[in-house]
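This report describes one protein chain, beginning with a single residue and ending with the chain as a whole.

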Amino acid sequence: MILKQSYSTAWKSPSNIALVKYWGKFGRQFPSNPSISFTLSEAYSTLVMKISPADSLSCQLEFHGKRESAFEERILGFLDSIKDVYPWLERASVDMSSTNSFPHSAGIASSASAMSALALCLVDIDQQIQHQTWKDSDNFRQRSSEIARLASGSAARSVYPFLARWGISTISKKGSNDYADYAGEGIHSIFSNYKNSILILSSATKSVSSSAGHRLMKGNRFADERFKQANENLDQLLLAMCQGDMSSFIRIVEEEALTLHALMMTSNPSYILMEPQTIEAIRAIRAFREEKEIPVCFTLDAGPNIHMLYPASYSDQVDIWRDAVLRPLCEGGRIIEDHVGQGPQRITL
Ligand code: PMV
């Protein structure tokens with residue numbers, strides 16, 4: 001199919017933080033276990049995309065106004081890999097201009113927000129090309145989630161507000177490996193106003209990328225047990241979240257974070273992404289929770305930085321303590337204050 005004219009759109013899409021972690025994949029970006037995440041709000045990417053007719057596929061990307069060749073190459077590789085999905089990409093020049101709300105150098109994963117924004121723009125433009133309108137926004141989200149998954153697994157979850165799950169559960173048989181779904185139905189109201197303080201403990205580039213980490217699960221002797229654990233944790237976490245059972249929520253979320261890092265340590269070759277400050281912050285959070293009986297907990301993504309999670313109703317007490325005890329552990333005192341959010345938005349050009 002050949003493009004006859006140019007098309008453009010723009011989207012703003014948030015990052016997410018997994019409560020049950022996706023770690024290990026197979027086939028065309030299918031997850032080895034189901035996962036679930038809070039959609040964030042303040043950590044987001046914006047993407048303006050223009051697609052024009054051309055002789056072959058090419059792409060240009062400006063990030064905060066500057067050509068970003070490493071990212072450009074990754075996106076070109078991705079666009080090339082989905083020509084079977086969108087044949088019009090065969091002869092298209094794709095011009096993009098992108099920003100991140102959080103510093104690129106902060107060491108927090110930007111792929112979920114950037115890749116979900118990319119997927120939303122592609123699905124939107126395909127809709128314009130096909131003169132289609134989706135029957136309802138759920139179809140649009142589902143399709144965007146599927147395209148986002150092909151770019152970066154965790155990005156599949158970012159297209160929904162609040163809470164999203166991705167991957168078939170071996171227990172409930174619910175969910176799909178192709179795309180994520182909204183999982184916020186019936187969840188206790190305490191979770192709808194939840195905070196996430198992202199403690200930037202180190203912004204150094206990770207020694208092992210997430211893609212390499214997923215691959216290493218293939219030879220990990222604990223892999224099968226892990227996939228079983230994730231399935232059980234997903235079901236138990238959803239139950240805890242529906243019942244407002246904070247102690248089960250905290251136990252599962254922290255177990256998931258520490259299991260993720262235990263899997264890295266037991267990979268072959270083994271590697272460690274936590275830093276001494278990570279352990280120090282974990283100990284401090286646990287001691288504060290016990291002493292004050294405040295339901296604050298931590299999770300980690302594939303890096304050294306802590307995501308501290310707590311109900312917004314405890315903000316006053318937690319934020320004062322955080323600034324006194326945890327901020328000094330952070331690189332340059334840097335903390336990103338985020339909270340559970342409403343999902344992507346189309347930007348009017
Ligand atoms: O989407 P990827 O390939 O960058 O993998 C992300 C994996 C974790 O962030 C560690 C967990 C998750 O479910 O988001």
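## Leucine 201 and its contacts

Leaving out residues up to four places away in sequence, leucine 201 touches Gln277, Thr278, Ala281, Pro304, Asn305, Ile306, Leu329, Cys330 and Glu331. The model is a predicted one. Leucine 201 itself sits in a loop, the one between strand 10 (194-199) and helix 4 (210-216).

The relative accessibility of leucine 201 is 2%, so leucine 201 counts as buried, the cut-off being under 20%.

## Helix 7 against helix 8

Ala281, one of the residues that leucine 201 touches, also takes part in the contact between helix 7 and helix 8. Two packed helices are described by the angle between their axes and the distance between the axes. For helix 7 (residues 276-292) and helix 8 (residues 315-326), the axes come within 12 Å and cross at roughly 145°. The crossing of helix 7 with helix 8 is right-handed.

On the helix 7 side, the contact is made by Ala281, Ala284, Ile285 and Phe288. Helix 8 contributes Gln317, Val318, Trp321, Val325 and Leu326. Sorted by class, the residues of this contact are eight nonpolar, one polar and no charged.

## Serine 93

Serine 93 belongs to strand 7 (residues 92-100). Is serine 93 buried or exposed? With a relative accessibility of 15%, serine 93 counts as buried, because that value falls under the 20% cut-off.

Neighbours within four places in sequence aside, serine 93 is in contact with Lys50, Ile51, Ser52, Ala54, Ser58 and Gln60.

## The chain as a whole

The protein chain has eight helices and 14 strands. Its radius of gyration is 20 Å, close to the 20 Å that the globule rule gives for 349 residues, so the chain is as compact as a globular protein of that length. Taken along the principal axes, the C-alpha atoms fill a box of roughly 65 × 45 × 45 Å.

Of the 349 residues, 55% count as buried; leucine 201 and serine 93 are among them. The accessible surface of the chain is about 15200 Å², and carbon and sulfur atoms account for 49% of this surface. Among contacts between residues at least 6 apart in sequence, 75% join residues at least 24 apart.

Notes:
Residues numbered from 1 in each chain as written. Predicted model: local features only at pLDDT ≥ 70, side-chain atom pairs only at ≥ 80, totals over all residues. Heavy atoms only, no water. Axes fitted to C-alpha atoms, helices over the stretch in contact; angles between N-to-C directions. Helix = DSSP H or I, 4+ residues; strand = E, 2+ residues; numbered from the N terminus. Left-handed = near helix turned anticlockwise from the far one by under 90°. Contact = heavy atoms within 4.5 Å. Nonpolar A, V, L, I, M, F, W, Y, C, P; charged D, E, K, R; others polar. Rg over C-alpha atoms; globule rule 2.2 N^0.38 Å. Buried < 20%, exposed > 50% of the residue type's maximum accessible area, 1.4 Å probe, protein only. Areas by Shrake-Rupley, 256 points an atom, 1.4 Å probe, with all protein chains shown as cover.
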